[in-house]
Amino acid sequence: MAGPDPSSLTVATRLVAGGRPERTPGAPVSPPLELSSTYVADGPVGYARTGNATWSAFEETLGSLEGGRGLAFASGMGAIAACLDLTPAGGVVVAPHHAYNGTGGLLDALERDGHLQVRRVDVSRTDDVLAALDGADVLWVESPTNPMLEVADLPSLLGAARERRVLSFCDNTFATPLLQRPLALGADAVVHSATKWLSGHSDLLLGAVVTSDDALLDRLVEQRSLRGAIPGPVETWLALRGMRTLHLRMERACASAAELAGRLRAHPAVRVVRYPGMGAVVSIELAGGRAAAEQVERTVQVWTPATSVGGVESLIERRRRHPLEPTTVPEELVRLSVGIEDVEDLWSDLDGALSSVRA
């Protein structure tokens, strides 16, 4: 007996129903964890580097959410590298000034070694991005950006890239497919660090790409297989289990982030609040500068000082502590990844740390 048609279901139900085994009597409700490197000859999978049933369950579910076909990678950086490797030799990549610093670091390294050229843009300035697309080969976009939370006009940028035959990739890690679906807006492919909100529990590394272009998918499958950026079945199984509650976690975290952003705007220790009106990340710039930001990190007790986002726990970090972070990110900027704790506990802890700085 087959399960429900995913196209007839809401996103919340797809998260719960996707990737399940066929409903035969006595079958498990959850997909099995397939641990094998070797397969009997002449079957659908010849070797574990080219396929795994656990990958397929995760890829099917994420693909349904984004409106394409999913492909799992060993990490978010594995997925990013596979996409950027499709840039022709010496080609031009248009990319944000502010983005995940792993992406920026990889672009810098590829440009330094002569593999490609990078045109940096402020993705919130649509006309500047459109101008930069002339003669480009790849558009890489984040919206909101990390950690400045700038928002791009995705329909305009992705539509222009398609018209000019510029291959477009959108990192959708921060928004998730619950808040925006870039493929429907014109992207050629969507990229995720599934380590973050998709899996949601800070206990694994995993990446993913989703596309509705079969030829592009084939090229990415080749990249994954030949370069060995394959995910572990355990991590993939855990990520799918985590995705079952993505809608609940995001609902709670986004509501808390909006509430905290409003309160932070009125706090005398905070000079700037960056919050795009969506998502579970708030970035703040402290009036007391770098020293104040570092003191807040040291003082909080409920918030955890750590360099990630998207887990059930709330994380806090001064981003310029990382050498790869662009110098245009203020020294006093603190990124808050809001988890699912009670918002009053989060506020009490944060307000206490901020007030100690002011005092």
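A salt bridge is defined here as a side-chain nitrogen of Lys or Arg within 4 Å of a carboxyl oxygen of Asp or Glu. By that criterion the structure holds 22 salt bridges. This is a predicted model, in which local features need pLDDT of at least 70 and side-chain atom pairs count only at pLDDT 80 or more, whereas totals for chains, interfaces and linings use all residues. Residues are numbered from 1 along each chain as its sequence is written, and side-chain values use heavy atoms, with hydrogens and water left out.

**Salt bridges**

- Side chains of opposite charge can pair when their charged atoms come close.
- Arginine 263 and glutamate 259 form a salt bridge with an N to O distance of 2.8 Å. These two residues are 4 residues apart in helix 10 (residues 246-265), and so are separated by about one helical turn. Helices (H or I, at least four residues) and strands (E, at least two) are DSSP runs, numbered from the N terminus.
- Arginine 263 is partly exposed at a relative accessible area of 21%, and glutamate 259 is partly exposed at 35%. Buried denotes under 20% relative accessible area, exposed over 50%, and partly exposed the range in between (1.4 Å probe, protein chains only).
- Arginine 290 pairs with glutamate 294 in a salt bridge of 2.9 Å, N to O. Because they lie 4 residues apart in helix 11 (residues 289-299), arginine 290 and glutamate 294 are separated by about one helical turn.
- Arginine 290 is partly exposed, with 41% relative accessibility, and glutamate 294 is partly exposed, with 23%.
- The side chains of arginine 321 and glutamate 317 meet in a salt bridge at 3.5 Å, N to O. Arginine 321 is exposed at 51% relative accessible area, whereas glutamate 317 is buried at 2%.
- Shared partners link Arg290, Glu294, Arg318, Arg320 and Glu331 into one network of salt bridges.

**Packing of helix 11 with helix 12**

- The axes of helix 11 and helix 12 (residues 343-358) come within 9 Å and cross at roughly 140 degrees. Helix 11 is therefore oblique to helix 12.
- Axes are lines fitted to C-alpha atoms, for helices over the stretch in contact, and angles run from 0 to 180 degrees between N-to-C directions. Angles under 35 degrees count as roughly parallel, over 145 as roughly antiparallel, 65 to 115 as roughly perpendicular, and the rest as oblique.
- Helix 11 and helix 12 cross in a right-handed sense. A crossing is left-handed if the near helix is turned anticlockwise from the far one by less than a right angle, and right-handed if clockwise.
- Helix 11 contributes Ala292, Gln295, Val296 and Thr299 to the contact, and helix 12 contributes Leu350, Ala353, Leu354, Ser356 and Val357. Contact means heavy atoms within 4.5 Å.
- The residues of this contact comprise 6 nonpolar, 3 polar and no charged. Ala, Val, Leu, Ile, Met, Phe, Trp, Tyr, Cys and Pro count as nonpolar, Asp, Glu, Lys and Arg as charged, and the others, Gly among them, as polar.

**Packing of helix 2 with helix 9**

- Helix 2 (residues 53-66) and helix 9 (residues 233-243) pack at an angle of about 35 degrees, and their axes are 8 Å apart. The crossing of helix 2 with helix 9 is left-handed.
- Residues of helix 2 in this contact include Trp55, Phe58 and Leu62, and those of helix 9 include Trp237, Leu240 and Met243. The contact has 10 nonpolar, 3 polar and no charged residues.

**Helix 3 and glycine 159**

- Helix 3 (residues 76-84) is mostly covered, with 7 of its 9 residues buried; among them are Ile80, Cys83 and Leu84.
- Glycine 159 lies in helix 6 (residues 154-163) and is partly exposed at 24% relative accessibility.
- The C-alpha atoms of glycine 159 and glycine 186 are 5.6 Å apart, although the two residues are 27 residues apart along the chain.

**Backbone features**

- Serine 143 and proline 144 are joined by a cis peptide bond with omega about -5 degrees, and the bond from asparagine 146 to proline 147 is cis with omega near 5 degrees.
- Proline 144 is found in the loop between strand 4 (138-142) and helix 6, and proline 147 is placed in the loop between strand 4 and helix 6.
- Aspartate 42, a residue other than glycine, has a positive phi near 75 degrees. Aspartate 42 sits in the loop between helix 1 (11-17) and helix 2 and is exposed at 84% relative accessible area.
- Serine 202 has a positive phi of about 55 degrees although it is not a glycine. Serine 202 occupies the loop between strand 6 (189-193) and strand 7 (207-211) and is partly exposed at 44%.
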